[in-house]
Structures are given as C-alpha cells and as structure tokens.
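Let's take a walk through this structure together, one stop after another. Have the sequence and the 3D view ready.

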Amino acid sequence: MMEDWDTISFVIRSQYRVDVLSRLVEGPATPSRIATDEGIAIAHVSRALSGLRDDERGMVELLVSEDQKKGRVYGITEKGEAVWERLEAENML
C-alpha cells in the first residue's frame, strides 16, 4: 500500500509523533504510560496524539468513550500501522 507522503512527512517532522506511534505499535496505552515509556512530557504526548488522531490522518484512535476524561486508552489504527511500516521500510526512523 502506497502511503501518502504528506502523512509520512507530518509524522517525521516531530520526534514526539514518532515516539508516540512507536509506543502504540507495541500496544494500546494511556498518555501517561506513553510519556513514562518514551521519557517525554505528557503535554507533548497529548499534542502528538491530537495530531495523529486528526480525522484527516486517523493514525491513532481513542479506545474508550469520549466522555471518559481520565484513563483514556489510545491505540494505533490500520493506517497508523501502515505508515509505521513504511517509515521502517524506508529507513526514515
């Protein structure tokens, strides 16, 4: 599957987005778990998740109800996995 290069460029322009996707490839996680595992501030994780979750990009999804404010769990979508695989295949990480 040929991924949109604009999407790939969007991911690699931010090390935080790369870190968040990298962690979610391993499995679903909360923002605080991602921050701890990747050694980055929670604010950066939240901003990265927001960008990756954007309707147009849709690389990350919220796995719990939108109403839940604490303990939100995020996972990677098929599109996110495809983008990650492409990044690895092209040695762009």
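Helices (H or I, at least four residues) and strands (E, at least two) are DSSP runs, numbered from the N terminus. Axes are lines fitted to C-alpha atoms, for helices over the stretch in contact, and angles run from 0 to 180 degrees between N-to-C directions. This is a predicted model, where local features need pLDDT of at least 70 and side-chain atom pairs count only at pLDDT 80 or more, while totals for chains, interfaces and linings use all residues. Residues are numbered from 1 along each chain as its sequence is written, and side-chain values use heavy atoms, with hydrogens and water left out.

Start with two helices. α2 (residues 15–26) packs against α3 (residues 31–38) at an angle of about 105°, and their axes are 10 Å apart. The two helices are therefore roughly perpendicular to each other, a label for angles of 65 to 115 degrees (under 35 is roughly parallel, over 145 roughly antiparallel, and the rest oblique). On the α2 side, the contact (heavy atoms within 4.5 Å) is made by Asp19, Val20, Arg23 and Leu24, and on the α3 side by Arg33, Ile34, Asp37 and Glu38.

Next, look for Arg57, which sits in the loop between α4 (42–53) and β1 (60–62). Leaving aside residues up to four places away in sequence, Arg57 touches Phe10, Gly51, Leu52 and Lys79.

Our last stop is Asn91, in the segment after α5 (78–89). Asn91 is not a glycine, yet has a positive phi of about 55°. Is Asn91 buried or exposed? With a relative accessible area of 68%, Asn91 is exposed (exposed is over 50%, buried under 20%, partly exposed in between, with a 1.4 Å probe and protein chains only).
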